[in-house]
Amino acid sequence: MDLSLIVPTFNEGPNVRELLRRLAQTLAGTAYEVVFVDDSTDDTPDIIRAAAAESDAPVRLIHRAEAVGGLGGAVVAGIQAATADWCLVMDGDLQHPPEVIPQLLARAARGDVDVVVASRYVSGGTSKGLAGSVRTAVSRLSTLLTKAMFPRKLHGCSDPMTGFFLLHRPAVELDTLRPRGFKILLEVLARRQLRLAEVPFDFAERHAGASKASFTQGVRFLAQLTMLRFGRMSAFAVVGGVGAVANLAIMWALIALGMEYVWAAIIASEVTIIGNFLLLEYLVFADMRADSGLMRHRFLKSFTFNNLEAVIRIPVLWVIVEATHIPSVVAAALTLVAAFVVRFVFHALIVYAPQRQRAGAAAPAAAAPVAADERAA
Ligand code: GDD
Ligand code: MN
């Protein structure tokens, strides 16, 4: 096998046959396999199996029981399962034209790079298939921001957000990747300095179906960027900062409505505690959730900790306000900052601690990343 094609799919049924047809057409003479990593909720797996039966090239299907890590997690699972060392990652909706693959292979064959990126933004490429001018602007801006944050590692990469690239698997440490959401190439390039080349391509219109990109994906991307650049603690700090501002704003509003400041602080704290937990779950510790037991257990630990913290913090606040006449909202801010470090340590080491016994009765199969690697052909 010379080449493994990794195709993440989420409800892409109507595109499967056309993709395999165009791959067979352009890759005649190359020994390749296609690995579909599927998280679909519809009949896409059946369509893949049926198409595989008619395909000359081997087609494999990994249908995941749980979409751990989303699109990025699917790509990593595919690369792990690949037979060949050269892995080509592409979308399943034909926005990444198969006809570009021979150019990527030719560039890799020169032997001096670890990754060949198919770029929309290098001269000769276009992004006209991006739905709408808002999407185009968002893509351009986030590309700029990303390049500014990794000026050295992304030097020479005009399109770190593309999902179309050819990767030499031995050059990456798959275990160090923390896939979250859509941007897996960024994760690969930011972890380790790779030798990189680019080939332009025209980002096409979708063959069928609708895009799965969303506002939530955008927020996940920002969290991913923060974590890659500054580490988990700063992502935690950003979430804590947002929580602290929300806490103080709620407290200020309740006081303005005539509430006693201690009661205002209590209510503001409870609302923030719950909101904070959700942000930690889905942004900061998203990559550790699968391995750290049940969400309600984590919530219980986090909620108990934060309430204990509040139980201590609010009397301290009272003492500060009564003894020093510092304005109550300012004093609350001081106590929130002091609580931050302790809270980070507790969450990173205790709430999201990997559960060794998760295969046992306490945590059912929930965490199994790959349900089955079916050899369909
Ligand atoms: N397995 C799996 N799990 N596949 C997914 C998931 C998921 O949770 N979400 C999306 N996919 C698959 C889709 O089925 C499709 O094959 C591919 O990933 C890209 O998803 P689209 O919904 O088509 O996203 P897009 O066209 O907006 O985004 C593409 O363009 C970006 C550049 O603007 C993707 O190629 C991105 O990787 C790329 O960065
Ligand atoms: Mn697409």
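These legends accompany close-up views of a predicted model.

**View 1. The manganese ion, ligand 2, and its protein donors.**
Two residues supply the protein donors here: Asp 93, through OD, and Gln 95, through OE1. Both lie 2.0 Å from the manganese ion. Asp 93 has a relative accessible area of 4%. That value is under 20%, so Asp 93 counts as buried. Gln 95 is also buried, at 10% relative accessibility.

**View 2. The residues around ligand 1.**
Which element gives the most to the shell around ligand 1? Helix H3 does, with three residues.

**View 3. Backbone atoms beside ligand 1.**
At Gly 92, a polar backbone atom is 2.8 Å from an oxygen atom of ligand 1. How much of ligand 1 does the protein bury? Taken alone, ligand 1 exposes 740 Å², and the protein buries 96% of that.

**View 4. A nonpolar patch on the surface.**
Five residues form this patch: Met 259, Trp 263, Ile 266, Ile 267 and Val 271. Together they have about 440 Å² of accessible area. Val 271 lies in helix H9, which covers residues 261–284. Is Val 271 buried, exposed or partly exposed? Its relative accessibility is 46%. Buried would need a value under 20% and exposed a value over 50%, so Val 271 counts as partly exposed.

**View 5. Phe 299 and Leu 278.**
Phe 299 is found in helix H10, residues 295–324. At 26% relative accessibility, Phe 299 counts as partly exposed. Where does Leu 278 stand relative to Phe 299? The two residues are 21 residues apart along the chain. Their C-alpha atoms are separated by 8.9 Å.

How values were computed: Residues numbered from 1 in each chain as written. Chains lettered and ligands numbered in written order. Predicted model: local features only at pLDDT ≥ 70, side-chain atom pairs only at ≥ 80, totals over all residues. Heavy atoms only, no water. Donors = N, O, S within 2.8 Å, 3.2 Å for Na, K, Ca; no water. Buried < 20%, exposed > 50% of the residue type's maximum accessible area, 1.4 Å probe, protein only. Patch = residues over 30% accessible without salt bridge, like charges linked within 9 Å, V, L, I, M, F, W, Y side chains within 5 Å. Areas by Shrake-Rupley, 256 points an atom, 1.4 Å probe, with all protein chains shown as cover. Salt bridge = Lys/Arg side-chain N within 4 Å of Asp/Glu carboxyl O. Helix = DSSP H or I, 4+ residues; strand = E, 2+ residues; numbered from the N terminus. Near = heavy atom within 4 Å. Polar contact = N/O pair within 3.5 Å; in protein donor to acceptor, adjacent residues only side chain to side chain.
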